[in-house]
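Dear colleague,

I am passing on to you the structure below, and after it I describe what I found in it. Please keep it open while you read, so that you can follow each place in turn.

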Amino acid sequence: MIRLEYFTPADFPQLIDWITDPKLLMNWSGSLFSFPLTEDKLAWYLADTNDPATSDALVYKAIETKTGEVVGHISLGGISRKNSAARISRVLVGNSTARRRGICQGMMQAILRIGFEDLGLHRIDLGVYDFNTAAIRCYEKAGMQQEGLSRDILRYEGEYWSLIEMSMLDHEWRALHG
């Protein structure tokens with residue numbers, strides 16, 4: 001089982017250790033950061049976040065409840081109270097040894113619960129690069145629906161990456177979790 005807790009400066013070194021190369025950083029954050037990831041960059045990323053009443057972003061670390069180990073990172077950003085919507089981003093299962101153990105599923109369920117139940121949102125979306133098939137499977141298992149494809153949206157080292165847009169609406173969440 002996965003529990004989400006707010007990401008803090010104390011968590012910076014671990015996230016930096018997980019982001020081992022420029023391609024992983026680009027896959028995780030798009031063009032938000034440049035390699036290498038640093039504590040200064042993460043301090044900027046965390047500024048004005050994690051106040052559910054006023055912030056437009058909530059940034060979390062994922063903790064495996066059995067072991068207490070921090071196993072991932074996820075954020076809910078672009079929170080629009082006017083439109084009752086938000087966007088999941090920067091999803092990362094930290095250690096490669098932790099992959100394929102349901103951690104991504106647990107993180108998605110936890111962030112969707114926060115969005116739909118705690119914040120009362122109507123719509124939550126995300127974007128995932130089309131080559132990231134493991135993440136796409138995770139998001140589909142969580143109930144996210146594919147909406148479309150933004151073709152060749154990012155250029156990385158001479159190759160173009162396309163982005164699949166996915167979303168879930170509150171009534172879909174309720175149907176899955178009654």
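Does Phe-33 count as buried or exposed? At 7% relative accessibility, Phe-33 counts as buried, where buried means under 20% relative accessible area, exposed over 50% and partly exposed in between, computed with a 1.4 Å probe on protein chains only.

Before going further, please note that this is a predicted model, in which local features need pLDDT of at least 70 and side-chain atom pairs count only at pLDDT 80 or more, while totals for chains, interfaces and linings use all residues. Residues are numbered from 1 along each chain as its sequence is written, and side-chain values use heavy atoms, with hydrogens and water left out.

**Aromatic pairs**

Rings of Phe, Tyr and Trp (its six-membered ring) pair if their centres lie within 6.5 Å, and planes under 30 degrees apart count as stacked, over 60 as edge-to-face and the rest as tilted. By this rule the count comes to 11 aromatic pairs. In one of them, Tyr-6 and Tyr-60 are stacked, with 5.2 Å from centre to centre and 20° between the planes. This pair links distant parts of the chain, since Tyr-6 is in strand β1 (residues 2-6) and Tyr-60 in strand β2 (residues 58-64), 54 residues apart; helices (H or I, at least four residues) and strands (E, at least two) are DSSP runs, numbered from the N terminus. Tyr-6 is partly exposed, with a relative accessible area of 32%, whereas Tyr-60 is buried, at 4%.

Phe-33, with which I began, forms an edge-to-face pair with Trp-44, at 6.3 Å centre to centre and 90° between the planes. Here Phe-33 is in the loop between α2 (22-29) and α3 (39-46), while Trp-44 is in helix α3, 11 residues apart. Trp-44 is exposed, with a relative accessible area of 55%. Ring pairs also link Trp-28, Phe-33, Trp-44 and Tyr-45 into a cluster. The loop between α2 and α3 also holds Pro-36, which is joined to Phe-35 by a cis peptide bond with an omega of about 0°.

**The sheet**

An open sheet of 7 strands has the order β1-β2-β3-β4-β5-β7-β6, with mixed pairing; two strands pair if DSSP finds at least two bridges between them. β1 and β6 stand at the edges, each with a single partner strand, so one side of each is left without a neighbour in the sheet. Within the sheet, β4 and β5 run parallel and are joined by 4 bridges, and Ile-88 stands opposite Leu-126 in β5. On the other hand, β5 and β7 pair in the antiparallel sense over 7 bridges, and Tyr-129 stands opposite Leu-163 in β7. Because 5 of the 7 residues of β5 are buried, this strand is largely enclosed by the rest of the structure.

**Helix α5 and the cores**

Which residues of helix α5 (residues 133-141) are buried? They are Ala-135, Ile-136, Cys-138 and Tyr-139. Seen down the axis of α5, these buried residues fall within an arc of 160°, so they line one face of the helix; the arc is that of the directions from the helix axis to the C-beta atoms. Among the elements that cover them are β4 (85-93), α4 (103-118) and β5 (123-129). Tyr-139 touches Val-91, Cys-104, Met-108, Leu-126, Val-128, Met-144 and Met-166, not counting residues up to four places away in sequence, where contact means heavy atoms within 4.5 Å.

Tyr-139 is also among the residues with the most contacts inside the largest nonpolar core, which has 35 residues; such a core is a set of buried Ala, Val, Leu, Ile, Met, Phe, Trp, Tyr and Cys residues joined through side-chain atoms within 4.5 Å. The largest share of this core, 9 residues, comes from α4. Apart from it lies another core, of 16 residues, among them Phe-7, Leu-15, Trp-28 and Tyr-45.

**Two backbone angles**

Finally, Ser-84, in the loop between β3 and β4, has a positive phi near 55°, and Ser-84 counts as buried at 19% relative accessibility. Glu-157, in the loop between β6 and β7, has a positive phi of about 45° although it is not a glycine, and Glu-157 is exposed, with a relative accessible area of 68%.

With best wishes
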